[in-house]
Amino acid sequence: MAAYTTIKRKRPIAARAQLMHPLVVCGEEITELLFTRPTLGDLRGIDTDSLSTEDIAALTSRLAGIAREEADALDFDDLAAVMTVIGGFFGSVPKDGSESP
């Protein structure tokens, strides 16, 4: 299996989330998740008005191209970075994590 960082993706990388605690993906420890922009299909079954932890895990799996079990293993300390990226896709949080004026 290809390493996470060299997996050929169907869509370009749109955002990155730095992890404080490494995550094992494709058998390797990574410290950064690479996200593609969501498509309508990625949002199927997701409540975009109030993203639950279930929704965040599903979107992390779909957009970062990792298995659901790998997304579920994300450390709680890294949740804010992932939520900033995902929220940025919905316009609720700027991609750089800064507050809106």
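**Close-up views of a predicted model**

View 1. V25 stands opposite E28, a residue of β2. This is a predicted model, in which local features need pLDDT of at least 70 and side-chain atom pairs count only at pLDDT 80 or more, while totals for chains, interfaces and linings use all residues. Residues are numbered from 1 along each chain as its sequence is written, and side-chain values use heavy atoms, with hydrogens and water left out. Helices (H or I, at least four residues) and strands (E, at least two) are DSSP runs, numbered from the N terminus. Strand β1 covers residues 13-25 and runs antiparallel to β2, with eight bridges joining them. Two strands pair if DSSP finds at least two bridges between them. Two residues lie between the strands of this hairpin, and C26 has a positive phi near 55°.

**View 2. T36 in strand β2.** T36 belongs to β2, which spans residues 28-36. Is T36 buried or exposed? T36 is buried, at a relative accessible area of 5%. Buried means under 20% relative accessible area, exposed means over 50%, and partly exposed lies in between (1.4 Å probe, protein chains only). The side chains of T36 and R11 make a polar contact at 2.9 Å. A polar contact is a pair of N or O atoms within 3.5 Å; within protein, one must be able to donate a hydrogen and the other to accept it, and residues adjacent in sequence count only if both atoms are side-chain atoms. Setting aside neighbours within four places in sequence, T36 is in contact (heavy atoms within 4.5 Å) with R9, R11, P12, A14, L63 and F89.

**View 3. R11 and D42.** A salt bridge is a side-chain nitrogen of Lys or Arg within 4 Å of a carboxyl oxygen of Asp or Glu. By this rule there are four salt bridges. One of them joins R11 to D42, whose closest N and O atoms are 3.0 Å apart. R11 sits in the segment before β1 and D42 in the loop between β2 and α1, so this pair links distant parts of the chain, 31 residues apart. R11 is partly exposed, at 28% relative accessible area. D42 is buried, at 10%.

**View 4. R16 and E32.** R16 and E32 form a salt bridge, with 3.1 Å between the closest N and O atoms. R16 lies in β1 and E32 in β2, so the pair ties together parts that are 16 residues apart in sequence. E32 is partly exposed, with a relative accessible area of 21%.

**View 5. The largest nonpolar core.** A nonpolar core is a set of buried Ala, Val, Leu, Ile, Met, Phe, Trp, Tyr and Cys residues joined through side-chain atoms within 4.5 Å. The largest core has 24 residues, and Y4, L23, L33, F35, I66 and V82 touch the most other members. Two or more residues of this core come from each of β1, β2, α1 and α3. Not counting residues up to four places away in sequence, L33 touches Y4, A15, R16, A17, L19, L23, T60, A64, I66, L74 and V82. In soluble globular proteins, nonpolar side chains tend to be buried together.

**View 6. Helix α1.** Helix α1 covers residues 53-64. What span should its twelve residues have at 1.5 Å a residue? The expected span, 1.5 Å times one less than the number of residues, is 16 Å, and the end C-alpha atoms are 16 Å apart, which agrees. Nine of the twelve residues of α1 are buried, so the helix is mostly covered. The buried residues are D55, I56, A57, A58, L59, T60, S61, L63 and A64. They pack against β2, α2 (68-72) and α3 (79-89). G65 follows α1 and has a positive phi, near 70°.

**View 7. S61 in helix α1.** S61 is part of α1. S61 is buried, at a relative accessible area of 14%. The side chain of S61 reaches the backbone oxygen of I66 at 2.7 Å. Leaving aside neighbours within four places in sequence, S61 is in contact with I66, A67, R68 and A71.

**View 8. R68 and E54.** The side chains of R68 and E54 form a salt bridge (2.9 Å, N to O). R68 lies in helix α2 and E54 in helix α1, so the pair ties together parts that are 14 residues apart in sequence. R68 is partly exposed, at 27% relative accessible area. E54 also counts as partly exposed, at 48%. Salt bridges with shared partners join E54, R68 and D72 into one network.
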